[in-house]
Structure formats: structure tokens, C-alpha cells
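Me: I am new to this structure, and I would like to learn how to read its features one at a time. Could you take me through it slowly?

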Amino acid sequence: MTILIVDDEFRIGQLIRRLIHFEELGLELIDVFDDSEKALGAILLHHPDVVISDIKMPGMDGLELVRRTQEAGIASRFVFVSGFREFEYAHKALQYGVEDYLLKPVKEEDPVSYTHLTLPTICSV
């Protein structure tokens with residue numbers, strides 16, 4: 001199973017990368033992107049199984065990234081990571097079939113939702 005991470009905050013993307021135990025979960029990381037346009041290019045090229053993405057990014061936001069991925073006929077599953085607790089974002093994410101909506105701040109000492117709950121559930125389907 002392949003994973004792609006995109007967050008406009010470089011350090012957050014790298015932190016998420018460190019929190020996921022790829023080998024232990026049998027996952028392969030395609031790459032970490034801090035630019036959603038470049039991430040879309042990688043999605044179109046590699047067709048990742050799962051995309052972990054920030055929802056609010058400059059230029060193309062996470063919702064647009066999902067929409068464009070789906071329009072291209074790519075069935076990547078999305079997990080959003082966001083500091084926004086607003087219902088509107090979560091509601092739109094659900095309309096696009098996003099698998100989960102995890103709230104920032106991402107904490108190194110609390111990787112539970114990233115490594116033990118969300119990803120194994122998605123990867124087992």
C-alpha cells in the first residue's frame with residue numbers, strides 16, 4: 001500500500017512522516033510534499049492508495065486536490081489533517097468520501113490516531 005503526504009507546512013509533513021511506522025504497517029511512502037500542485041502531479045503519476053493531506057493550503061486546497069484526483073479517475077483514499085474545526089470543511093470532506101478528518105496540532109508524543117487507528121483501518125479495506 002502506497003502513501004503520499006501533503007502539507008504546506010514542511011515541518012508538519014515531516015512530523016507526520018516520522019509518526020507513521022511504514023515498515024511495521026507494510027506501507028510504502030511515495031513522498032512528502034509542501035506544495036499541493038506538485039502533490040497532484042505525483043498523485044497523477046503514482047496513483048497512491050492513501051493521501052494524507054492538509055485541507056487548508058495556499059493555491060489548491062485539500063478539497064480541490066480530492067476533486068481533481070477523482071476527476072482524473074484515481075481512487076486514492078484521503079485522510080485530512082487540519083487545524084480547522086469548522087463543520088463546513090468536515091462536511092465537504094465527507095461529501096468527497098474523505099476517510100478521516102484529524103485535527104492539528106500533530107503531536108509526536110500522541111501518534112495514536114495516525115499509526116494505530118486511521119491507517120490500519122484504511123489499509124485493511
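Me: At what angle do helix α3 and helix α4 pack, and how far apart are their axes?

Reply: Please keep in mind that this is a predicted model. To describe a helix pair, one gives the angle and the distance between the two axes, and here helix α3 (residues 36–46) and helix α4 (residues 62–71) pack at about 25°, with their axes 11 Å apart. Angles under 35 degrees count as roughly parallel, and α3 and α4 are therefore roughly parallel to each other. As for handedness, α3 passes α4 in a right-handed crossing.

Me: Which residues make the contact between α3 and α4?

Reply: From α3 come S36, E37, L40 and I43, while α4 brings L65, R68 and T69. By kind, the residues of this contact of α3 with α4 divide into three nonpolar, two polar and two charged.

Me: How many helices and strands does the chain have, and in what order do the elements run?

Reply: The chain has six helices and five strands, and from the N terminus on its elements run β-α-α-β-α-β-α-β-α-β-α.

Me: Which residues touch the most other members of the largest nonpolar core?

Reply: A nonpolar core is read as a set of buried residues joined through their side chains, and in the largest one, which has 20 residues, L4, V6, I43, L65, F78 and F80 touch the most other members. The elements giving two or more residues to this core are β1 (2–6), α3, α4, β4 (77–82) and α5 (87–95), and the largest share, four residues, comes from α3. Another core, of 13 residues, lies apart from this one, and its members include I5, I12, F22 and V32.

Me: Is I43 buried or exposed, and which residues does I43 touch beyond four places away in sequence?

Reply: To place a residue, one looks at its element, its accessibility and its contacts in turn. I43 is found in helix α3 and is buried, with a relative accessible area of 0%. Leaving out residues up to four places away in sequence, I43 touches L4, P48, V51, L65, T69, I74, S76 and F78. Sequence distance and spatial distance can also be set side by side: I43 and I3 are 40 residues apart in sequence, and their C-alpha atoms are 9.9 Å apart in space.

Me: How do T2 and R11 compare, and is each of them buried or exposed?

Reply: T2 has its place in strand β1 and counts as buried because its relative accessibility is 17%, which is to be read against the cut-off of under 20%. Apart from neighbours within four places in sequence, T2 is in contact with E28, I30, H47, P48, D49 and V50. R11, by contrast, is in helix α1 (residues 10–19) and counts as exposed at 59% relative accessibility. R11 and D34 are 23 residues apart along the chain, and their C-alpha atoms are separated by 9.1 Å.

Me: What is the phi of H47, and where does H47 lie?

Reply: The general idea is that most residues other than glycine have a negative phi. H47 has a positive phi of about 50° although it is not a glycine. H47 lies in the loop between α3 and β3 (50–54), and at 44% relative accessibility H47 counts as partly exposed.

Note on methods:
Residues numbered from 1 in each chain as written. Predicted model: local features only at pLDDT ≥ 70, side-chain atom pairs only at ≥ 80, totals over all residues. Heavy atoms only, no water. Axes fitted to C-alpha atoms, helices over the stretch in contact; angles between N-to-C directions. Parallel < 35°, antiparallel > 145°, perpendicular 65-115°, else oblique. Left-handed = near helix turned anticlockwise from the far one by under 90°. Contact = heavy atoms within 4.5 Å. Nonpolar A, V, L, I, M, F, W, Y, C, P; charged D, E, K, R; others polar. Core = buried A, V, L, I, M, F, W, Y, C linked by side-chain atoms within 4.5 Å. Buried < 20%, exposed > 50% of the residue type's maximum accessible area, 1.4 Å probe, protein only.
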